[in-house]
Amino acid sequence: MNLDFTENRNISIPSYFYITGLSGIPHMRYYYIFLFFVYFISLLGNSCLMFVIIMDRNLHTPKYISVFNLSLTDICESTAVIPQLLDTFLFGNQLIPYGLCLSNMFSNMLFFTEQSLTLTVLSFDRLVAISLPLRYHMIVTHGSMLAIIGASWTIAMLLTMIGAIFMSRLSFCKFIVTVNSFYCDHGPIYRSACNNNFPSSVIASLFPAIILGFPVFFIIFSYTCIAVTLFKITTPQDRHRATKTCTAHLILVAIFYVPITFTYALSSFINANTRIFNLSLTTVLPPMLNPIIYTFMTEEFMVSVKRLLKRQITFK
């Protein structure tokens with residue numbers, strides 16, 4: 001029993017968590033192979049985007065500090081989710097040790113939180129750029145943007161540590177705990193505890209409001225102010241130019257927030273497989289799409305790419 005079960009200060013720790021994933025669906029191997037290609041494109045796209053930002057001095061601006069941070073977070077999120085997911089289901093390793101499971105859970109929470117906060121920071125950048133253009137370079141400096149990004153990482157790590165502390169105090173009555181998700185999901189795990197899980201249930205209700213609710217509220221507020229400012233712009237050319245600078249960010253926001261908001265809002269009405277499938281896609285697709293959207297929908301970035309390519313061809 002000592003090999004399977006550990007008791008310490010009345011806290012019973014299981015040896016393994018069993019991740020169910022998508023059950024009863026044929027040919028799921030092809031879906032996991034698809035996720036491998038998603039991961040490869042995510043790594044390639046975000047690495048290229050970061051490389052262009054580093055190499056082109058014209059992109060060494062506060063805005064692209066946030067874009068760089070988003071790409072870095074996308075790589076971390078994809079690496080935290082997809083390799084473990086492939087190992088779990090493609091190679092049949094659905095029994096995950098307690099320590100590895102909690103590590104997987106909180107790395108996902110950390111990077112997901114940072115993704116959400118970075119999108120919020122980018123909306124702040126657009127708000128100041130369009131609503132207060134004359135004061136933009138005084139408000140949004142390299143120093144202030146680095147401070148904001150540092151604060152967002154601090155908040156993400158603090159929330160993750162709080163979740164980890166309360167999760168470590170849960171006791172489980174089984175040697176192997178079944179988790180109905182595609183990874184070590186906080187909700188199914190804390191509900192499987194056999195001691196008082198009230199603090200974790202509060203976290204499960206409060207954290208989505210902090211991680212999703214506040215950023216969405218701030219983004220809606222930002223774009224409401226931007227819309228009011230755009231209506232005050234008299235010339236259609238200036239209005240179109242200002243709107244174009246927001247398009248890429250709005251698409252990123254929609255891709256990130258809309259699917260996961262609907263999935264959580266309708267979780268009581270959809271079956272487990274649909275929920276797991278939606279959550280897996282909303283986790284892995286945004287990191288792949290973000291660099292593609294920024295490359296093709298941001299004019300200044302396309303100019304930088306062409307400049308670097310021309311420089312490379314001239315050098316050769």
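# Close-up views of a predicted model

View 1. His-27 sits in the loop between strand E3 (16–19) and helix H1 (28–55); helices (H or I, at least four residues) and strands (E, at least two) are DSSP runs, numbered from the N terminus. This is a predicted model, where local features need pLDDT of at least 70 and side-chain atom pairs count only at pLDDT 80 or more, while totals for chains, interfaces and linings use all residues. Residues are numbered from 1 along each chain as its sequence is written, and side-chain values use heavy atoms, leaving out hydrogens and water. Most residues other than glycine have a negative phi. With a relative accessible area of 62%, His-27 is exposed (buried means under 20% relative accessible area, exposed over 50%, and partly exposed in between, with a 1.4 Å probe and protein chains only).

**View 2. Phe-91 in a loop.** Look for Phe-91 in the loop between helix H2 (62–90) and strand E4 (95–97). Is Phe-91 buried or exposed? Its relative accessibility is 59%, so Phe-91 counts as exposed. Phe-91 and Arg-29 are 62 residues apart in sequence, and their C-alpha atoms are 9.6 Å apart in space.

**View 3. Helices H2 and H3.** The axes of H2 and H3 are 9 Å apart, and the two helices pack at an angle of about 155 degrees. Axes here are lines fitted to C-alpha atoms, for helices over the stretch in contact, and angles run from 0 to 180 degrees between N-to-C directions. H2 and H3 are therefore roughly antiparallel to each other (angles under 35 degrees count as roughly parallel, over 145 as roughly antiparallel, 65 to 115 as roughly perpendicular and the rest as oblique). The contact of H2 with H3 has 11 nonpolar, nine polar and six charged residues. Ala, Val, Leu, Ile, Met, Phe, Trp, Tyr, Cys and Pro count as nonpolar, Asp, Glu, Lys and Arg as charged, and the others, Gly among them, as polar.

**View 4. Helices H2 and H5.** H2 packs with H5 at an angle of about 25 degrees, with the axes 8 Å apart. That makes the two helices roughly parallel. H2 passes H5 in a right-handed crossing. Which residues meet here? Pro-62, Ile-65, Ser-66, Asn-69 and Thr-73 in H2 meet His-142, Met-145, Leu-146, Ile-149 and Trp-153 in H5, where contact means heavy atoms within 4.5 Å. By class, this contact has six nonpolar, four polar and no charged residues.

**View 5. Helices H3 and H5.** Helix H3 (residues 98–131) and helix H5 (residues 142–167) have axes that come within 9 Å and cross at roughly 150 degrees. H3 and H5 are therefore roughly antiparallel, and the crossing is right-handed. Their contact divides into 20 nonpolar, four polar and two charged residues.

View 6. Asn-290 belongs to helix H9 (residues 272–297) and counts as buried, at 7% relative accessibility. The side chains of Asn-290 and Asp-74 are joined by a polar contact of 2.8 Å (a pair of N or O atoms within 3.5 Å; within protein, one must be able to donate a hydrogen and the other to accept it, and residues adjacent in sequence count only if both atoms are side-chain atoms). Ser-280 also lies in helix H9 and is buried, with a relative accessible area of 3%. Leaving aside neighbours within four places in sequence, Ser-280 is in contact with Tyr-31 and Phe-182.

Technical notes. Left-handed = near helix turned anticlockwise from the far one by under 90°.
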